[in-house]
Amino acid sequence: MNFPDAKRVVYQQNPSAEVICQLRFPPILALADRLPAEFQSRLGSEYPFSEVQDGLKIHVSGNDAPIQSRFSNFVFLTEDRSVRITLTSEYIALSTDSYERWESFDAHLNAALAALLSSYSVPFFSRIGLRYLDVISRAKLGIPDARWSDLIRASALGLLAEDDIPIADVLELNAATVLSLEDDAKGIFRTTLGKHEKTGDETVFVIDSDLFCDEVRIKGNDDAIAVCRRLNKISGRAFRWFLEDELHRRLDPKSP
């Protein structure tokens, strides 16, 4: 599946609620038994805050008794706490709830991977994923009574696209589609109608685009970043594909 080409834009009415990039690697035992002090040092002053989140894994194998093991997630945050780097023994993730454009996110991602690869021996990345959570609020766009079928591609709306079904009677909608994409990527696209923590009681439409390359052996910073950039381009074309022209216009697109 190749989504149609679309001119890259930056939406002034930014719908992005959260963006997450995760890169998985073979377990690093050094991260399981000591604090990542060198990693934190290499991040520098841009991430002045840190947190340790402890968890519990339960391993079940056949008829054997379950085995419990503890693990720690190390979280590093920017001063305004809007950008987070999460480091575990099996993956590194970058996330933000104030995404504006790829170039800024890319810079944080480069810094995180540079710190990782200079602090630990990472043989390769086995899975790379990039996820965009976009929330469409009609109230925020000044069109609270617009029909969703005028804003979102009909195939993503299910019964909500039917003219004889009142919008108010559709209390919830959930759909998920898994696609094989270009460049050996895959994507899980979830569309949801419902509430969202950022919009209170308003019923909003959520487009959750989870793109990834798995069962791979990507080595080094440059190749990993290149995969992330390809996933970003695919996700941008996919998001535009979901939008009708009216919604695209209402989001106020500008050249980057």
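Predicted model: local features only at pLDDT ≥ 70, side-chain atom pairs only at ≥ 80, totals over all residues.

User: Okay, how much space lies in the largest pocket?

Analyst: About 620 Å³. A pocket is an open set of points on a 1 Å grid over the protein atoms alone, where a 1.4 Å probe fits, with protein on both sides within 12 Å along at least five of seven lines; lining residues have an atom within 4 Å of a point. The volume is the space filled by probe spheres set on the points, which are joined across faces, edges and corners.

User: Which residues lie nearest its centre?

Analyst: Arg8, Val9, Asn232, Ser235 and Gly236, out of 26 lining residues. The elements giving two or more residues to that lining are β1 (10-11), β7 (125-136) and α4 (220-242).

User: And how does the lining split by class?

Analyst: Nine nonpolar, seven polar and 10 charged residues. Here Ala, Val, Leu, Ile, Met, Phe, Trp, Tyr, Cys and Pro count as nonpolar, Asp, Glu, Lys and Arg as charged, and the others, Gly among them, as polar.

User: New topic: is strand β5 enclosed or open?

Analyst: Largely enclosed by the rest of the structure, because five of the five residues of β5 (residues 83-87) are buried. Buried means under 20% relative accessible area, exposed over 50%, partly exposed in between (1.4 Å probe, protein chains only).

User: Which way do its side chains point?

Analyst: Val83, Ile85 and Leu87 point one way, Arg84 and Thr86 the other. In a regular strand the side chains alternate between the two faces of the sheet.

User: What does β5 pair with?

Analyst: Strand β6 (residues 91-96), in the antiparallel sense over five bridges; two strands pair if DSSP finds at least two bridges between them. A hairpin of three residues joins β5 to β6, and Leu87 stands opposite Ile92 in β6.

User: How many aromatic pairs are there?

Analyst: The structure holds 11. Take Phe39 and Phe76: their ring centres are 5.3 Å apart and their planes at 55°, so the pair is tilted. Rings of Phe, Tyr and Trp (its six-membered ring) pair if their centres lie within 6.5 Å; planes under 30 degrees apart count as stacked, over 60 as edge-to-face and the rest as tilted.

User: Where do those two sit?

Analyst: Phe39 is in helix α2 (residues 37-43) and Phe76 in strand β4 (residues 67-77), 37 residues apart, so the pair links distant parts of the chain. Both are buried.

User: Is Glu215 buried or exposed?

Analyst: Glu215 counts as exposed, at 77% relative accessibility. Asp183 has a positive phi too, about 55°, but Asp183 is partly exposed at 44%.

Methods:
Residues numbered from 1 in each chain as written. Heavy atoms only, no water. Helix = DSSP H or I, 4+ residues; strand = E, 2+ residues; numbered from the N terminus.
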